[in-house]
Amino acid sequence: MKPNESLPQPTPAELSILRVLWQRGSATVREVADDLNRDKAMGYTTVLKLLQIMTEKGLVLRNETGRAHVYQSVQPQEAAQTRMVGDLVEKMFSGSAQKLVMHALNTHKASPQEMAEIRRLLDEMERGNS
């Protein structure tokens with residue numbers, strides 16, 4: 001399986017682990033567990049089991065050369081976000097980017113800086129499509 005194709009969607013717990021791996025680049029089970037325990041309790045054995053499952057799913061790679069196994073995400077964060085948002089648009093909004101954006105802006109108030117960046121991106125996209 002290619003890293004960017006046909007990967008399963010991560011569960012919320014798996015996504016928490018991926019966030020740690022994206023931030024660190026790579027990490028041992030202990031490092032992941034320690035980082036996760038700053039926000040919510042997740043035991044070492046739970047993290048180990050989830051990383052084993054994620055390895056089987058193809059979400060992470062495991063380097064077994066050292067004493068402690070080191071894990072890293074198969075996909076960079078941005079690629080995973082793009083894939084997950086694309087899947088969300090298709091499943092929840094019938095392929096409509098407009099519906100997704102309208103729902104997001106109605107659900108979460110955007111700051112003035114975020115609105116300015118959205119306007120800039122829309123202007124840039126319009127110029128590119130002209």
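**Cavity, core, sheet and pockets**

The largest cavity has a volume of about 40 Å³. The model is a predicted one, in which local features need pLDDT of at least 70 and side-chain atom pairs count only at pLDDT 80 or more, while totals for chains, interfaces and linings use all residues. Residues are numbered from 1 along each chain as its sequence is written, and side-chain values use heavy atoms, with hydrogens and water left out.

Q: What makes a space a cavity and not a pocket?
A: On a 1 Å grid over the protein atoms alone, a cavity is a set of points where a 1.4 Å probe fits but cannot get out; a pocket is an open set with protein on both sides within 12 Å along at least five of seven lines. Grid points are joined across faces, edges and corners, and the volume is the space filled by probe spheres set on them. One cavity of 30 Å³ or more is counted.

Q: Which residues line the largest cavity?
A: Lining residues have an atom within 4 Å of a point. Here they are L7, L18, W22, L59, S73, Q75, A80 and R83. At least two of the lining residues come from α1, and at least two from α4. Helices are DSSP runs of H or I with at least four residues, strands are runs of E with at least two, and both are numbered from the N terminus.

Q: How is the lining of the largest cavity divided by class?
A: Ala, Val, Leu, Ile, Met, Phe, Trp, Tyr, Cys and Pro count as nonpolar, Asp, Glu, Lys and Arg as charged, and the others, Gly among them, as polar. The lining has five nonpolar, two polar and one charged residues.

Q: Why is S16 called buried?
A: Buried means under 20% relative accessible area, exposed over 50%, and partly exposed in between, with a 1.4 Å probe and protein chains only. S16 has a relative accessible area of 10%, so the residue is buried. S16 sits in helix α1. Residues up to four places away in sequence aside, S16 touches L36 and K40, where contact means heavy atoms within 4.5 Å.

Q: Why does S94 count as exposed?
A: The relative accessibility of S94 is 65%, so S94 counts as exposed. S94 lies in the loop between α4 and α5. Although not a glycine, S94 has a positive phi of about 50°.

Q: What makes a set of residues a nonpolar core?
A: The set must consist of buried Ala, Val, Leu, Ile, Met, Phe, Trp, Tyr and Cys residues joined through side-chain atoms within 4.5 Å. The largest such core has 21 residues, and those with the most contacts inside it are I17, L21, V32, V47 and L51. Helices α1 (12-24), α2 (29-36) and α3 (44-57) each supply at least two residues of this core, and the largest share, six residues, comes from α1. Leaving aside neighbours within four places in sequence, V32 is in contact with I17, V20, L21, A27 and V47.

Q: How do you know that β2 and β3 pair?
A: Two strands pair if DSSP finds at least two bridges between them. Strand β2 (residues 60-63) and β3 have four bridges, in the antiparallel sense, with R62 opposite Y71 in β3. A hairpin through six residues joins β2 to β3.

Q: What joins β1 to β3?
A: Two bridges link strand β1 (residues 27-28) to β3, and the strands run antiparallel. T28 stands opposite V70 in β3. The three strands form an open sheet in the order β1-β3-β2, and the edge strands are β1 and β2, each pairing on one side only.

Q: What is the volume of the largest pocket, and which element gives the largest share of its lining?
A: The largest pocket has a volume of about 370 Å³. Helix α6 gives the largest share of its lining, nine residues. By class, this lining has seven nonpolar, no polar and four charged residues.
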